[in-house]
Structure formats: C-alpha cells, structure tokens
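Please look over the structure below before reading on.

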Amino acid sequence: MTVRVVVAESVVHGAGLVLPPEGTGPAESWFDHRARLGRGYKYLPPACQYLLAAARTALEDCGPEADPLAAAPELRGAVVGTNSAVAALHAAIDETVRREGASALSPMSVPYFAVNLVAGRLSTEHVLKGFNLTVTSPRVAGVEALHLAALELAAGRAAVTLAGAAEAPDPRAADAEPEAGAALFVLRPGGGPVPAGGRVLRTVLRFVPPPALAAAEGRRLARDSVRRALDALHSGGPAPDEVELLVDPSPVGDAVADALRSWCADRAPVSTRRSGARAGALTPVVRLAARPLPAGAGRRLVVTASRAGNVALATAHTPEHTD
C-alpha cells in the first residue's frame, strides 16, 4: 500500500528572527529582555523570551494595513516546535531539588517545566484563542509546526497562525550543536494573496522505519517515499535553486541524503549539514526565513531528518505576482 503524500501550504505575511550574533558561544549573554520586551519578562525561560520577541518582529513585519490580530481571537492560533526550550530549566530544577529540596524552587520559573507553557505565553500575549500546539519531535519539530499550522488553516480552524520554533542550549546535549533563538512566521491559508516580501510555504512529513533500512528492499522503499514527497512538494511549481539537507549521521540520514541527491541530480546542488542526534528544531525554520527570496527565482528547499525515522521537507518561494 502506498501512503498518500499530504502537502500543506500556507502564505507567509510576516517573519521574525531572534538569533545570537555570529560566533556567540552557548554560555555567552546576548539577549537583553528588558530592551526587547520591557518589564515583566525577567523570570521567563530564555527560549520563551526569544519567542515573544520574534513574534513582535513578525507581527510588525506584516505592516499596519494588514494587521493579523484584526481577526477574531477565536480564529488565531499558535504552533511552536522545540526540542530543548526548557532543557536548562529541567537541569536546574533537578539540581535544586537534589541539593536543597523542592521548597527551594522558584514559583516564578518552575511552572515552565511544562514545555507547552512556552507557546502558551505566546497565546496569552496576543490573545490567540483558536488553538495552541507544541511539537517536540526530535529535530523535525520546527517544520512539523509549520505543517500542522497550515493544515489547521486549511481546515478553517484559524484565519491566522503564528508558527515556528524556539530553542535554548541544552546543558546535556552531548554531541549536538547548540541552538538558541526563535524563528516565527505569521501564516494565512494557502491559495490566498501573497503580500510584497511574503512567500509561500509548502511542507511534507514522512516516516522512514530505521529497522527497514537493514534490507535492500527497505532502502528502496525509503528512497521512493522521499522522492514521492519531493515530487508532490514541487508539483506545478519551479524547481529548487537552493537545497539544504540537515540530518543525523545515521542510516536514516544516509537514506534521505541518497534520495535527495538522486532527485536533485539534474536540478540543483545539495548542501549537506550533519550534526549530533539531539540537534534542535530551530535551524530548518531559520533556513526558510533567513533571507528574502526574489520573485520568480525558484524555491528554497530544506530537508531534515532524525535517526528515529522522522523526515520533514519544506519549500519557500515568492510568486512572480504578489499583492
């Protein structure tokens, strides 16, 4: 049986990035919450601060003539992907309880042991009453957040959604590259007008069972699955002119890389970046948002996969005719 490929599409009306300056180390201070957010944010986890700052930038990017918060609160939603947003807080809670006991925990910060409260604060800040989802799938959570947001928009559950990723360094990340910051999009349903400076996002999620890759037939099926996803993602649109692969050093990563390079052989070169197994969800979303896309210049394709078998594919492009 062939599993149907579901392509989710949305239109970006604004984008916000909050990232450390190039070369900043994981332990270095770089974000001033007072300057970016004002008073009342001191005790929030850093990833939550980054997310709120990115949301303000994304909403400002929409322009006053297209205020996304003009939609009824019940038609506003949020979807945030993260893998380590509160990992440092978990480590601090563990250490405090071991050394001093639970009574020494701060009542201001300890509620954020629940990672969904990071996105919850975003909804409180902007009165997003439609829905609020947090996605934590290793590595692919950021693209999953964009995918789920687009599906919810298409289903009519929202008129506008804030979706993206937020991370902070994991003190127990082992070989993973630390991620810090947030990337957030203001999304509206696919098929609608694309504003100047906006873009169209398309996403596909797949699963490659790691045990199946031990056999030649399993590897063939995995390649076919990824190639079908790529075909569906680019159906009726331009070929990618920028392709980036973000994967674990694992059999799943190797299978996805083989399929992607084969599919891109006569289309575009593939830039590959490999990092530790516990890398976060932020980088793929940043790659989709970081640089403006000239109209009609093709698509930016980002593919990411975890050694657990989750595969996420996303494209961003700016149509030739925008409103």
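## Largest pocket

Helix α8 gives the most to the lining of the largest pocket, with four residues. Both α2 (46-61) and α8 (282-289) supply at least two lining residues each. Helices are DSSP runs of H or I with at least four residues, strands are runs of E with at least two, and both are numbered from the N terminus. The model is predicted: local features need pLDDT of at least 70, side-chain atom pairs count only at pLDDT 80 or more, and totals for chains, interfaces and linings use all residues. Residues are numbered from 1 along each chain as its sequence is written, and side-chain values use heavy atoms, with hydrogens and water left out.

The largest pocket holds about 650 Å³ of space. Its lining has 26 residues, and P20, T24, P178, E179 and A180 are the closest to its centre. By class, 14 lining residues are nonpolar, six are polar and six are charged. Nonpolar here means Ala, Val, Leu, Ile, Met, Phe, Trp, Tyr, Cys and Pro; charged means Asp, Glu, Lys and Arg; the others, Gly among them, are polar. A pocket is an open set of points on a 1 Å grid over the protein atoms alone, where a 1.4 Å probe fits, with protein on both sides within 12 Å along at least five of seven lines; lining residues have an atom within 4 Å of a point. Grid points are joined across faces, edges and corners, and the volume is the space filled by probe spheres set on them.

## Cysteines

How many disulfides are there? The count is zero, where a disulfide is a pair of cysteine sulfur atoms within 2.5 Å. The sulfur of C48 is 20 Å from the closest cysteine sulfur, in C62, so the two are too far apart for a bond.

C48 is buried, at 0% relative accessible area. C62 is also buried, at 8%. Buried means under 20% relative accessible area, exposed means over 50%, and partly exposed lies in between (1.4 Å probe, protein chains only).

## Salt bridges

The structure holds 11 salt bridges, each a side-chain nitrogen of Lys or Arg within 4 Å of a carboxyl oxygen of Asp or Glu. Side chains of opposite charge can pair when their charged atoms come close.

E95 is partly exposed at 28%, while R99 is exposed at 64%. Another bridge pairs R121 with E125, at 3.7 Å between the closest N and O atoms. These two are four residues apart in helix α4 (residues 116-126), so about one helical turn separates them. E125 is partly exposed, at 24%.

R300 bridges to E242, with the closest N and O atoms 2.9 Å apart. R300 is buried at 4%, and E242 is partly exposed at 30%. Salt bridges that share partners join R56, R121 and E125 into one network.

## Helix α7

Helix α7 (residues 251-264) has 14 residues. From first C-alpha to last, α7 reaches 20 Å, close to the 20 Å expected at 1.5 Å a residue. The expected span is 1.5 Å times one less than the number of residues. Buried residues of α7 include V252, W263 and C264.
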